[in-house]
Amino acid sequence: MPRYYEDKPEDAACAGVKEDLGACLLQSRCVLQEGKSPRQCLKEGNCRALQYSFFECKRSMLDARSRFRGRKGY
C-alpha cells in the first residue's frame with residue numbers, strides 16, 4: 001500500500017517507492033518474528049510487488065521513452 005509524503009521533498013527519483021519498500025520489509029513477519037535481516041527477507045520474496053515497482057521505476061530512468069511518458073512509480 002503506497003503512502004504519500006507531503007512533508008518530504010523528493011530529492012531522488014523513486015524515493016517514495018524506496019521508502020515504502022523499506023517500510024514493508026521492516027514490518028513484515030519475516031523481520032519481526034523470525035529475526036532475519038530485511039535483505040534476507042527480500043531474497044525470500046517478501047514485498048514482491050513493491051520490489052517490482054522499484055525495479056520498474058529505476059529501469060524507466062534509463063529508458064529513452066520515459067522522456068515522453070514520464071517515470072513509472074509515484
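A residue is called buried when its relative accessible area is under 20% and exposed when that area is over 50%. Keep those two words in mind as we walk through this predicted model.

Let's start with helix H4, which runs over residues 48-62. From its first C-alpha to its last, H4 reaches 22 Å, close to the 21 Å expected at 1.5 Å a residue. Which residues of H4 are buried? They are Leu50, Phe54, Glu56, Cys57 and Ser60. These residues lie on the same side of H4, because they cover an arc of only 160° around the axis. An α-helix has 3.6 residues a turn, so residues three or four places apart point the same way. On the other side of H4, you will find Tyr52 and Leu62 exposed.

**The core**

Leu50, Phe54 and Cys57 also belong to the largest nonpolar core, which has 12 residues.

| Helix | Residues |
|---|---|
| H4 | 48-62 |

Cys30 is another member of the core. Leaving aside residues up to four places away in sequence, Cys30 touches Gly35, Lys36, Cys41, Glu44 and Asn46. Of these, Cys41 is listed in the core too.

**A lysine to look for**

Technical notes:
Residues numbered from 1 in each chain as written. Predicted model: local features only at pLDDT ≥ 70, side-chain atom pairs only at ≥ 80, totals over all residues. Heavy atoms only, no water. Helix = DSSP H or I, 4+ residues; strand = E, 2+ residues; numbered from the N terminus. Expected span 1.5 Å × (residues − 1). Buried < 20%, exposed > 50% of the residue type's maximum accessible area, 1.4 Å probe, protein only. Arc of directions from axis to C-beta. Core = buried A, V, L, I, M, F, W, Y, C linked by side-chain atoms within 4.5 Å. Contact = heavy atoms within 4.5 Å.
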